[in-house]
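Subject: The structure I promised you

Hi,

Here is the structure we talked about.

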Amino acid sequence: MDIFILILEIIGTIAFASSGAMIAIEKKMDIFGVNVLGATTAVGGGIMRDVILGLTPPTAFSKPVYILIAAVTSTILFAIAYKRMDTMRWIIKSEYYDKLMFWCDTAGLGIFTVVGIQNALGIVQENNAFFFVFIGVLTGVGGGVLRDIMAGETPYILVKHIYACAAIAGGIVCVVSGNMLGSAAGIILGLAVTVILRFLAAHFHWNLMRAG
């Protein structure tokens with residue numbers, strides 16, 4: 001199980017770091033800015049989670065491998081943009097860029113939501129489903145919120161399709177099915193629900209009601 005969660009964390013870190021780095025490149029930030037935004041997106045939610053859970057220092061600092069993975073991912077993307085800026089501009093302006101960003105965000109959201117829940121389950125002994133789901137959603141959306149604020153954008157979770165709601169639904173499924181079928185089933189089903197809801201929301205343009 002530990003290996004499975006580690007693999008998920010690495011995939012999620014790469015996905016979120018790519019998301020942050022690409023936005024930084026789009027905003028014409030320098031290599032330091034690209035790395036900061038990539039790393040913040042990748043580990044920001046986990047740091048928030050660990051602070052609430054009372055883990056000091058947060059895992060991102062006690063096990064800097066995740067920041068290192070985010071930095072390597074961000075630097076590779078920056079190097080591609082630096083050497084092939086014309087190609088990168090074409091990618092950013094193409095329809096494929098939006099799809100790439102969508103799947104990076106969706107993968108990171110689903111993975112870190114269920115991983116956040118597993119971290120909370122390993123520390124908090126009492127059966128508090130609301131708290132576990134809250135921690136999972138915070139882990140999933142926290143880095144993206146920090147990314148958007150630092151990039152000068154309205155946080156993605158407030159304006160784009162069904163985002164945080166997908167994480168909430170996936171988190172609930174993860175907790176409930178985990179109690180009934182075991183941790184592995186909870187992780188897989190929670191991740192699947194989050195990703196499927198995000199895909200359906202984007203495909204059918206589902207949004208929450210807005211005033212005006």
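Let's begin with a term: a residue is called buried when its relative accessible area is under 20%, exposed when it is over 50%, and partly exposed in between, using a 1.4 Å probe and protein chains only. Keep in mind that this is a predicted model, where local features need pLDDT of at least 70 and side-chain atom pairs count only at pLDDT 80 or more, while totals for chains, interfaces and linings use all residues. Residues are numbered from 1 along each chain as its sequence is written, and side-chain values use heavy atoms, with hydrogens and water left out.

**Arg49**

With a relative accessible area of 5%, Arg49 is buried. Arg49 sits in helix α2. The names of such elements come from DSSP runs, numbered from the N terminus: helices are H or I runs of at least four residues, and strands are E runs of at least two.

What does the side chain of Arg49 make a polar contact with? The partner is the side chain of Asp50, at 2.9 Å. A polar contact here is a pair of N or O atoms within 3.5 Å; within protein, one must be able to donate a hydrogen and the other to accept it, and residues adjacent in sequence count only if both atoms are side-chain atoms.

If you leave aside neighbours within four places in sequence, Arg49 is in contact with Thr59, Val115, Gly116, Asn119, Ile135, Leu138 and Thr139.

**The cavity and a pocket**

Both terms rest on a 1 Å grid over the protein atoms alone: a cavity is a set of points where a 1.4 Å probe fits but cannot get out, and a pocket is an open set with protein on both sides within 12 Å along at least five of seven lines; lining residues have an atom within 4 Å of a point. Grid points are joined across faces, edges and corners, and a volume is the space filled by probe spheres set on the points.

How many cavities of 30 Å³ or more are there? The count comes to one. The largest cavity has a volume of about 160 Å³. Its lining has 14 residues, and Ala42, Val43, Gly46, Arg49 and Phe112 lie nearest the centre. α2 gives the largest share of that lining, six residues, and α1, α2 and α3 each supply at least two.

Arg49 turns up again in the second largest pocket, whose lining also includes Asp2, Glu9, Tyr66 and Asn119. The elements giving two or more residues to that lining are α1 and α3, and α1 has the largest share, with four. The volume of this pocket is about 200 Å³.

**Inside the helices**

Now find Gly143 in helix α7 (residues 129-150). Gly143 counts as buried because its relative accessibility is 1%. Leaving out residues up to four places away in sequence, Gly143 touches Thr40, Thr41, Gly44 and Gly45. Leu37 is 106 residues from Gly143 in sequence, yet their C-alpha atoms are 9.3 Å apart in space.

α7 has a kink of about 40 degrees, centred on Val141; the bend at a residue is the angle between axes fitted to the seven residues ending there and the seven starting there. Just after α7, Gly152 takes a positive phi of about 75 degrees.

In helix α6 (residues 95-123) you'll find Thr106, which counts as buried at 0% relative accessibility. Thr106 touches Val195 and Arg198, again not counting residues up to four places away in sequence. The C-alpha atoms of Met101 and Ser19 are separated by 5.9 Å, although the two residues are 82 apart along the chain.

Most residues other than glycine have a negative phi, and most peptide bonds are trans. Against that background, the peptide bond from Thr56 to Pro57 is cis, with omega near -10 degrees. Pro57 lies in the loop between α2 (31-53) and α3 (59-62).

Lys28, in the loop between α1 (2-26) and α2, has a positive phi near 60 degrees. Lys28 counts as exposed because its relative accessibility is 75%. His205 also has a positive phi near 60 degrees and lies in the segment after α10 (183-204). At 59% relative accessibility, His205 counts as exposed.

Cheers

Terms used: Contact = heavy atoms within 4.5 Å.
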